[in-house]
Amino acid sequence: MSISSSGPRWDALWRNVHLATLAEHDGYGEIRAAAIAVKDGRIAWLGEETDLPAGASADVEHDGGGAWLTPGLIDCHSHIVYAGNRSDEFEDRLNGVPYEAIAQRGGGILSTVRATRAADEEQLFAASRTRVDAMLAEGVTTLEIKSGYGLTLDSERRMLTVARNIGERLPVRVRTSFLGAHALPPEFAGRADDYVTALADHWLPTLAAEGLVDAVDAFCEKIAFSPAQTSRLFDVAHQLGLPVKLHAEQLSDQGGAALVAGFKGLSADHLEYLSDSGIAAMREAGTVAVLLPGAFYFLRETKLPPIAQLRDAGVPIALATDSNPGTSPLTSPLLTMNMACTLFRLTPQEALAGFTRHAATALGLGGELGTLEVGKIADFALWDIDRPADLAYTMGLNPCRQVVNAGIARAPH
């Protein structure tokens, strides 16, 4: 492109691409034979290449080679920072060892807690980086990371610090969620209310003041924390100006979806046992439904989330890997899309919207990310595919050609 002072001057321009903007609620928002321009890390122009403004110029020009270009993928629910490995428990269960026996010998979440508490920041970073790199290779540009495997103030701080370091040292935008209310630590056995008091009165205010918390999460379930305990923690989050989200209705209907919606929560996640009243509350509050097919698959769950009812109510449906060592050791958003289509019967368009537009909303970032629109942050991925549906169709193939973070291009990790 010739440089001229008569038209707009951009930092970078991608030509010879097909755009899936995801800016429309029906379809992919396709623009074929297109171009997209970046200025100061944001999308400055997009449209058919034949409509490029006369005299426009760019410092760097990329030939997309006919690739499809989508918004960068957003994983809005992960527990990716942890130490240790639980493949031994996976094998034992398949060999017939009951979960109760595994738990009695110190397995389950407490195994991960012990390993995570014993790891320093660099060890946690190194262990997590392998998993994060796998996501970045598949076009992820934004990643939510939860605490919840430390369950002491110091170890929760260490997890959140590592999450911040991932965002600083790797090409990915990170949003943190404080999940101290993940499980009851052994030090508080039989004293769940006392533990919630520690979380609400000391841990959360302290970590928030240190700038480590972007949102507050909890696991509201019979085996975890009650609605009353969850509400107490969310009251403090509200006072601190922090948004909330919730592990809700995974194993039973505890009214968690309505609870988090009552706090205008960003999302309710899992939702296999979601009720009609919970759906109505989410619709009214604008709370996103985050579905986690990896955990559904790994646990061999048979109770499907109420997909048709969510659709009919117009509740946005996001997807995420739920990457964690116990119930979803998954680092592939592409495989997650396929699982969502095969297990939950989402359409490929819904699956891609679930990892872009709706995932951004589930992190409170819908105004900045998730679609290709002028003014939004220039996070996107280029794919060697024939059509957008290929992203959810293929299994075990990664067609990602290039990833762009705030206008800066990189090869996939």
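**Notebook: salt bridges, cores and a listed site**

I began with R15, which forms a salt bridge with E61, the closest N and O atoms being 3.5 Å apart. For a salt bridge I required a side-chain nitrogen of Lys or Arg within 4 Å of a carboxyl oxygen of Asp or Glu. The pair links distant parts of the chain, with R15 in strand 1 and E61 in strand 4, 46 residues apart. Helices (H or I, at least four residues) and strands (E, at least two) are DSSP runs, numbered from the N terminus.

Notes on the model: this is a predicted model, in which local features need pLDDT of at least 70 and side-chain atom pairs count only at pLDDT 80 or more, while totals for chains, interfaces and linings use all residues. Residues are numbered from 1 along each chain as its sequence is written, and side-chain values use heavy atoms, with hydrogens and water left out.

**Entry: exposure of the first pair**

R15 is partly exposed at 22% relative accessibility, and E61 is partly exposed at 38%. The classes are buried under 20% relative accessible area, exposed over 50%, and partly exposed in between (1.4 Å probe, protein chains only).

**Entry: other salt bridges**

I found 22 salt bridges listed for the structure. One of them joins D59 to R9, with the closest N and O atoms 2.4 Å apart. D59 lies in strand 4 (residues 57-71) and R9 in strand 1 (residues 9-20), so this bridge ties together parts that are 50 residues apart in sequence. D59 is partly exposed, at 47% relative accessible area. R9 is also partly exposed, at 41%.

I then turned to E144, whose salt bridge to K245 has its closest N and O atoms 3.6 Å apart. E144 sits in strand 6 (residues 140-146) and K245 in strand 9 (residues 245-248), so the pair ties together parts that are 101 residues apart in sequence. E144 is buried at 0% relative accessibility, and K245 is buried at 1%. Both belong to a network of salt bridges that links E144, K146, D217 and K245.

**Entry: the listed site**

Which residues does UniProt list for "binding site"? The unreviewed entry gives H77, H79, H247 and D322. UniProt positions are in the numbering used here, feature names are shortened, and annotations may be inferred rather than shown by experiment. The four are spread over 246 residues of sequence but cluster in space, the largest C-alpha distance being 12.2 Å.

H79 lies in the loop between strand 5 (73-75) and helix 1 (87-94) and is buried at 2% relative accessibility. Leaving aside neighbours within four places in sequence, H79 is in contact with K146, Y149, L179, H182, H247, D322, S323 and N324. I took contact as heavy atoms within 4.5 Å.

D322 lies in the loop between strand 12 (317-319) and helix 12 (333-344) and is buried at 2% relative accessibility. Beyond four places in sequence, the contacts of D322 include D75, H77, H79 and H270. The side chain of D322 makes a polar contact of 3.3 Å with the side chain of H79. A polar contact is a pair of N or O atoms within 3.5 Å; within protein, one must be able to donate a hydrogen and the other to accept it, and residues adjacent in sequence count only if both atoms are side-chain atoms.

H247 lies in strand 9 and is buried at 5% relative accessibility. A polar contact of 3.4 Å joins the side chains of H247 and H79. Not counting residues up to four places away in sequence, H247 touches several residues, among them H77, K146, D217 and D269.

**Entry: nonpolar cores**

I looked up the largest nonpolar core, which has 92 residues; I166, L204, V213, V216 and M337 have the most contacts inside it. Helix 6 (residues 192-209) gives the most to this core, with eight residues. Apart from it lies another core, of 16 residues, including V17, A34, I36 and L382. Such a core is a set of buried Ala, Val, Leu, Ile, Met, Phe, Trp, Tyr and Cys residues joined through side-chain atoms within 4.5 Å. Outside four places in sequence, V213 is in contact with L160, R164, T176, F178, L204, L207, A208 and L242.

**Entry: helix 3**

Where do the buried residues of helix 3 pack? They pack against helix 4 (121-136) and helix 5 (153-169). The buried residues of helix 3 (residues 109-118) are T112, V113 and T116. They cover an arc of only 105° around the axis, which puts them on the same side of helix 3. The arc is that of the directions from the helix axis to the C-beta atoms.
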